[in-house]
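Work through the exercises below with the sequence and the structure at hand. Try each task before reading its solution.

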Amino acid sequence: MTEPLLAARPADTEPEPEPDAAEVSGLWTDAWRQLRRRPLFWVASVIILVLLVMAFFPSLFTSIDPRATDLAGSGSEPGPDAIFGRDLQGHDVFARAVYGAGPTLAVGVLATLGTVLVGALAGLLGGFRGGWQDSLLSRFAEIFAGLPFVLGGIVILTTFNPPGQPVPESRLIFQVVTTITVLSWPIAMRIMRAATITAKQQDYVKAARALGAGPLRIVFRHILPNTLAPVLVYATIQLGAFIGAEATLSFLGIGLKDPVVSWGVMIAESQDRVAQIPHAILFPAGFLVVTVLAFVMLGDAVRDALDPRGR
Amino acid sequence: MSEPILQVRDLVKHFPVTRGVVFRRTIGHVRAVDGVSLDLHPGETLGVVGESGCGKSTLAQVLMRLTPPTSGTATFEGQDLFAKRGADLTAWRRDMQIVLQDPYTSLNPRKTVGDVVGEPFDIHPEVAPKGDRRRRVQELLEVVGLNPEHIRRYPHQFSGGQRQRIGIARALALRPKVIVCDEPVSALDVSIQAQVLNLLSDLQREFGLAYLFIAHDLGVVRHLCDRVAVMYLGSIVETGTAEEIYTRASHPYTQALLSSVPVPDPSLRGRREAIRLEGDVPSPADPPSGCRFRTRCPKAAPVCAEDPPALEVRDGTDHPAACHFAAPPHLVRAD
């Protein structure tokens, strides 16, 4: 994942000293130098790039309409007619998987971004400030952590979308992302808060304060680089979990729904007939696994690159 | 003697002990520093010695303005240290710096040595123009005996002694007048300790630094300190020149500390009378009445439980000690 990196950038690049271009060194430049040499990073990046192209321009990959049904071919095996076969409704599984990449990635990536940004900021603030601000934030987070995911999702989504009313696709995606973020940020906050409290007590923070460093410099230059790793790992794992969560909401009929296609919707639709039409669930599940794997590999590579001890 | 650069009077730092999560109540105080007064003159080294938990490091942190004092005053070059705010405080930090104890946690593992030593210039940009910083950092590395080519390495690529030199270079960057050394060698191998101590004394000569040198071992500070203050449970129990303390210690606690310094010559071993302290340091949350040291003192008498002894010069001694029965060491043996 790259979003926590981006979050650190604005405050980080600004006070960077500018030695001659050839001599540049520092955590981020060294990390990039390290990343470029990792095959794992390139494999993950290529997969993610392909998925992004698929999300934005699905028509490049298939000319078949994902919503076209061929009831005569319902459940037909993969073959020259439909390379991934057809599902119960006679949809082309490949076309649906391609068109499903966009909403799936949008939900997965945006929900991860939202969860990590909200949670990490709250965790940084609570862990760094401590005292009543920390208590307030932690208790507030516990309220959300205490809500069961499915129940919370049902309440939020049915409140905003009374059943039976058609909702535009982008608004639905936004609502699903918001729901997941609202119900999941406390975990990211706890991870970040714990890491921040650990980093805050280190002597290098004391030394920086003795030098006269302000709180912004301490947070962005000293604490954040040392707390990114656990959040990065959490984010890459959560990405897959969020795509799954979206499928759960879809299955309950409150998440994305027809005509919006997503891998979660496809899996939810097909899971009653795994035995009869296995390809209708295997192909979207395969796409999902490859996507999650690519993000996990990317997160792993970035985390390693950010740890100078591993070089 | 010249005007003291740092003057501390009756400094007190109590940490509240609280209980309860929602409704916090204070159930007591840990008296980490309890009425410490000391003077530090330009260019001298004042050793502050005491066991773990006696408040030495808290004293350093309060003086570095990392944590606020409970009461007491301190002046730096005549100005009230604890009244400094904002830009005034930041400007003062250039004059007083700290070298921390543990070289393994005092350097940010994700910053290059160049960034660590260069950070003072980022925070105080007026000290060095931007284009000049790299050269200044390399100079500093050279001054502390490190290879200036290693500017792009990370802390984990250095040994403990080298890391401590990096910490010293960082403290030195702003050309301070006073450096607080908070047990700078106690985490290092004995063979490396001497190197770092020699470096510190060379730097003192070169830059005219004053050190407030905190240690838990009288042996370590012996050849570095001009004056020594011995701390016990948050208070100074004896203070004097290095010679007075090392040859004519009059407080039983100092005498016990001195007798625990290892004797290098085996033939002399066992000849010296060893004073062994029994028991542990009492809790600073609930210190003994009267003299703090009486629970472990070989000379304790009923008066010690009632009347806390003042830090003053007594008959038969030539420097202040906080003991009713302060006496030079040979009198102890006659006891």
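**Exercise 1: a helix pair in chain B**

In chain B, the axes of helix α5 (residues 160–172) and helix α6 (residues 190–207) come within 10 Å and cross at roughly 20 degrees. Classify this pair and list the residues that meet.

The model is predicted: local features need pLDDT of at least 70, side-chain atom pairs count only at pLDDT 80 or more, and totals for chains, interfaces and linings use all residues. Residues are numbered from 1 along each chain as its sequence is written, and chains are lettered from A and ligands numbered from 1 in the order in which they are written.

Solution. 
- Step 1. Helices (H or I, at least four residues) and strands (E, at least two) are DSSP runs, numbered from the N terminus. Axes are lines fitted to C-alpha atoms, for helices over the stretch in contact, and angles run from 0 to 180 degrees between N-to-C directions.
- Step 2. Angles under 35 degrees count as roughly parallel, over 145 as roughly antiparallel, 65 to 115 as roughly perpendicular and the rest as oblique. α5(B) and α6(B) are therefore roughly parallel to each other.
- Step 3. Two residues are in contact if their C-beta atoms, placed from the backbone, lie within 7 Å. From α5(B) come B:G160, B:G161, B:Q164, B:R165, B:I168 and B:L172, which meet B:I192, B:Q195, B:V196, B:L199 and B:L203 of α6(B).
- Step 4. Ala, Val, Leu, Ile, Met, Phe, Trp, Tyr, Cys and Pro count as nonpolar, Asp, Glu, Lys and Arg as charged, and the others, Gly among them, as polar. This contact of α5(B) with α6(B) has 6 nonpolar, 4 polar and 1 charged residues.

**Exercise 2: where the chains touch**

How many residues of chain A are in contact with chain B, and which helix supplies the largest share?

Solution. 
- Step 1. Chain A has 11 helices and 0 strands.
- Step 2. In chain A, 22 residues are in contact with 31 residues of chain B.
- Step 3. α8 (203–211) and α9 (215–251) of chain A each supply at least two residues of the side that touches chain B. The largest share, 8 residues, comes from α8(A).
- Step 4. By class, this side of chain A has 12 nonpolar, 6 polar and 4 charged residues.
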